[in-house]
Amino acid sequence: MLDKGFWGHGDPVGRPLFGGAFGWPLMVARASAVTRNISTMAAFARRHGLALAPHGKTTMAPTLMNAQLAAGAWGISVATAHQARVCREYAVPRVLIANQLLDPAALAWAAAETDAGFALHFQVDSTEGVAAAAATAGERPLPVLVEMGYTGGRTGCRTLPAARAVAEAVATSPRLALAGVTGYEGGLPDAPAVAAFLDLLRAATIELSDLLPPSVLVSAGGSAWFDVVAERLPGDWLPGHQVVPLLRSGAYVTHDDGYYRDRTPFRRLPGEGTLDAALEVWAQVISTPEPGLAIAGLGKRDAPFDEGLPVPLAIRRPSGEVVPADGLRVTRLMDQHAFLTVEGAAVTPGDLVRFGISHPCTAFDKWRAIPLVDESNVVVDVVRTYF
C-alpha cells in the first residue's frame, strides 16, 4: 500500500496508530465522533421535517456516504458529474448534482444512467442549460430543479421572471421533468440575509406551482445556516402540493476545530445537539532551529489552509506521554512545512503534534486513504476518497 502515511503491508485494520504501521504526517478520523455527528444531524432533520441529502463533495468517501444513508439520508448531493459517477459506482441510490450540467458527455452519461434506473437530479438556471439537457436526454425524462441565486452570488436565476422562463422551457421539453426549486445561501453574510433569500426560494416555488409536480423538492442548506433553513422551508405552504424540504449540509460529518466550530448553527440552538471535530493530522516536529520556533512536517499538501490554519491540540512524546499543546500556534504553512511559534510549550525534534483542521471540505481531497480509529488509537477501518 503506497498511500500517503501508510508504511505497513497488508490490512491495517486492528493495528495501533503508533505501532509502526503509519508514518507522518497522517490524517485520521475519530470513529466515535463521526458516528455521533451523523446521528446528531439525522435526528435534527427528523425533528424539523427535513429530508437530508448531505453534500458528498465534502468527503467523496463511499464509506461515510453509506453511513449517512443508513442513518436515513434521502440521498447524496454532489457538485460535479464526476462525483455523481463515483456515487453511482458505489451504489448510492439517489443523487442531486447541486450545480449546472451542460457538458454533452456528462449529460449523455446522466441520460443513460437515468434510463438504467439511477435517480439523478441536477440544476438549471438558463434556457441554454435547459436546451443542452433536452438535446441529450434519453428515454426517461431527466429530473431538474430551477436554481435561484442572488446578486453577487454564484449560479442561479436572479429574478422570478427569469426563473419562470427557465421553468417554462423545461415544461415544453418531453425529455425533462421539473422536480422543484433550489438555491444556495452559504455565501450570504448573516441570518436576515439568509432568511430573505429563502423567502425568495419559497416565492419562486409558489410562482412556478402550476408547472410543478404534486411532490416538490425545495432544496437549500450549506453547513452554516441550516437552522434558518429549518425555520423557512418545511411546512404546508404550497397549496395542492407536498413540499419536500431537502437540506444539503455536508461538513457536519466530521466538523472541524476552526471554521465550522465557530459557525455551526448548533451554537445558536441550545439543546438541539452538538458536533465533534473528527479529523486530526498527526505530524512530527522535525526542527527547533531557534528560540520560539518549531518546524513540523506538515504542509499545504496535508492540511487545509483556505479557511484557517491547523490548530495544535496535543503533543505526544516518543515515550508515549501526551500533553496539551498550550503555547503552540501555527503561523504559516509551506508545501511540506508548518511554522509554529512556541510560547511556554516544550517541544523537541521527534515529538508528534496532533493538529485539528479548519474546513473539512478541503481536507479530504489531500488524502486517498484515512485511518478511522477508535478511542484507543486502534484502526477500525480505512476511509478511501475518490476525488
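This is a predicted model: local features need pLDDT of at least 70, side-chain atom pairs count only at pLDDT 80 or more; totals for chains, interfaces and linings use all residues.
Residues are numbered from 1 along each chain as its sequence is written. Local features need pLDDT of at least 70, side-chain atom pairs count only at pLDDT 80 or more, and totals for linings use all residues, while side-chain values use heavy atoms, without hydrogens and water.

**Exercise 1.** Work out how α3 and α4 pack.

Step 1: locate the helices. α3 covers residues 81-89 and α4 covers residues 104-115. Helices are DSSP runs (H or I, at least four residues), strands are E runs of at least two, and both are numbered from the N terminus.

Step 2: take the geometry. The axes lie 10 Å apart, at an angle of about 30 degrees. This makes α3 roughly parallel to α4. Axes are lines fitted to C-alpha atoms over the stretch in contact, with angles from 0 to 180 degrees between N-to-C directions. Under 35 degrees counts as roughly parallel, over 145 as roughly antiparallel, 65 to 115 as roughly perpendicular, and the rest as oblique.

Step 3: assign the hand. The crossing of α3 and α4 is left-handed. In that case the near helix is turned anticlockwise from the far one by less than a right angle; clockwise is right-handed.

Step 4: list the contact (heavy atoms within 4.5 Å). α3 gives Ala81, Ala84, Arg85 and Arg88, and α4 gives Ala106, Trp109 and Glu113. By class, four are nonpolar, none polar and three charged. Ala, Val, Leu, Ile, Met, Phe, Trp, Tyr, Cys and Pro count as nonpolar, Asp, Glu, Lys and Arg as charged, and the others, Gly among them, as polar.

**Exercise 2.** Find the backbone features at Pro25 and His255.

Step 1: check omega. Trp24 and Pro25 are joined by a cis peptide bond, with omega about 5 degrees. Pro25 sits in the segment before β1 (26-30).

Step 2: check phi. His255 has phi near 55 degrees, a positive value in a residue other than glycine. His255 lies in the loop between β9 (242-247) and α9.
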